Amino acid sequence: DVLPSPEGPVPSVSITEIRQYLRAQGIPFHDGYSCLHTPSLFTDDREKQPPSSAANVPYTLFIDKTTGSFLCTATLAEGTWQDFQANVELRHRSVRPASTEEPEEDMRQAREDARCIWERALPLWDLLDEDETNKTKAMFGISLVTDATLKRFGVRYLRTAKSLVFPWFSPRDATLKGLKLVRVEKKGDAIAYVEETLPRFDSYRNLFGLPLIGRRDTELVLTGWELDALALHQATGVASLALPRGATCLPPALLPYLEQFKRITLWLGEDLRSWEAAKLFARKLSLKRCSLVRPGDLQPRPLEALNQGLNITKILRAALPASHKSIVSFRQLREEVFGELVNTEQVAGIKWARFPELNKLLKGHRRGELTVFTGPTGSGKTTFISEYALDLCMQGVCTLWGSFEINNVRLAKIMLTQFAGQRLEDQLELYDEWADRFEDLPLYFMTFHGQQNIKTVIDTMQHAVYMYDITHVVVDNLQFMMGHEHLSVDR
C-alpha cells in the first residue's frame, strides 16, 4: 500500500474545523468517543425533513475525529472529509449523493468465491458422525465450545481444506461479504493456526460477531481471535467481537461500530505484544472507557481460559483501567512490574528470525527506540535494512518504509526477492504466487523521493500510525530527508 504522496497529501482537518463546519451548515451532532455522530446524508428520511427537526432522526453517520473520514452505518456509504463536504453541497442543490457501496471487480470476485465456499461448508454438528465432529473440535482446541455457540456465531467447517469458516455478514442487510478460513498446522510439538481471508488481508474488515450485537448493549469485550470471542460469549454471555487482524491493527473504519459501547474491555491474547497493542488501541477508542486484561499464567487468552476451567467473569472484572493518572504509586504499577519480570524474554522485544547475532546486540525490536545504521556508500545498508525490516514484518510488525534514495519499485523488488529467497526473474511463473503472499504483509511505503520538507514527512508518518497502527518506521536515508545544506550546520 502506498501512502498519499507529498504532491497531494491528505489535507489534515482539525476537530475544531469539523465542528465549525457542521454548525455553519446547521447539521446537528453529538460528541462521541472517537467520532462525531450526525444524522445521515444518505438515507431517505433525511430528505423529508428540514435540519432543524432532526431530533427524531437516528444519528447513523460517524465522522472520525482524527482524520475527518466518515461512515454511514445505515447505508455503508463512506469517504473522506472532502467527500462529506461535497455531499453536503450536493444536498443543498437537492441532488442525491452517490453511495460509495459499489464494490470493485476484485471485491465482487471475492464475494463470489466466498459464497461458493460458504455453500460447500457444513455446520460442525452436520459432519458424517460424532467421532469426526469430536476429532475436528479437538484439533482446533474447541471441544468445550458448544454446538449452540457455534450455531449462534454461524461457524462452519470446510472438510476439503480442513478449515473452520468464519463468515463476514454485512451489518446493513446480512448479505455475505467475505470469509476467514482457519486451519491447523503441526510444527513438531507446537501447533500453529494459519489464516486466509476473502477478500484479501487489507480489504477484510470483519468485526466478527457484529450481527449479534443488540442496540442496547453498552459493554463489550474486544478479542484478537474469533475462537476467543466464542469462548467469551459462551462463558459469560457478554457481547464480544473479534478484530479482523488480531493484535496487528484496529482499522479506523471499524470505530463507528464501537461507538455505542460505554465500556470496552480489550483482551487480545496472552503475550506481551497483545498487551502493547491493547494499550495502543485503547488510545484510539478513548482511554476513559477502556479496560485491559493483562496477559499472564492465570490470565491466558479466553479460549485457553475456558479450556483450563478458569473463571472468565472474574478475569474480566479484574481488568485494569487503561487511563493512568498523571501521578501513580508503586501499588498501581506493581502488577505491570511483575509482568515484566515474568516475561523478560518478551520485554526484550521481537527477535529477528534471520539474525541471531543481531539479537545478541539489540535483544529484539522494541517500540520507542531509535537505531541508526551507518556505513559508506555501496556497503549494503539498504539491502541489509530491507532484510532486517522484512524479518520483523513477517512476524506481524506493521512497518512503514520511507525510502528517499531508491524508488519504491526497486525497493519492493529487492524485498520480494528476499521474501521468496530466489531469483524470480528466472521463474516468472512463480511471480503471482509470491506477490500474493507478499501483499498480505503489513508493509506500507511512503511515496517521497529525494529531499523533502521534514514537516510533511512527519505528518505522513503520524497519519500512517493512526490508520495502520505502524510500530516500525524505516527512514533510508536521513541526509536525503534533511537536504544536504543542513549537514555542515548541525550533524
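Strand β9 (residues 176–187) and strand β10 (residues 190–198) run antiparallel, joined by nine bridges. Here strands (E, at least two residues) and helices (H or I, at least four) are DSSP runs numbered from the N terminus, and two strands count as paired if DSSP finds at least two bridges between them. K187 has A190 in β10 as its bridge partner. The two strands make a hairpin with two residues between them, and G188 in that turn has a positive phi of about 65°.

S163 finds its bridge partner in R183 of β9. This is a hairpin too, with six residues between the strands, and A174 in the turn shows a positive phi of about 60°.

This is a predicted model: local features need pLDDT of at least 70, side-chain atom pairs count only at pLDDT 80 or more, and totals for chains, interfaces and linings use all residues. Residues are numbered from 1 along each chain as its sequence is written, and side-chain values use heavy atoms, leaving out hydrogens and water.

Further on there's an open sheet of three strands, ordered β17-β16-β18 with parallel pairing. β17 (443–445) and β18 (472–476) are the edge strands with a single partner each, so one side of each has no neighbour in the sheet. Strand β16 (residues 399–403) pairs with β17 over three bridges, in the parallel sense, and T399 sits opposite L443 in β17.
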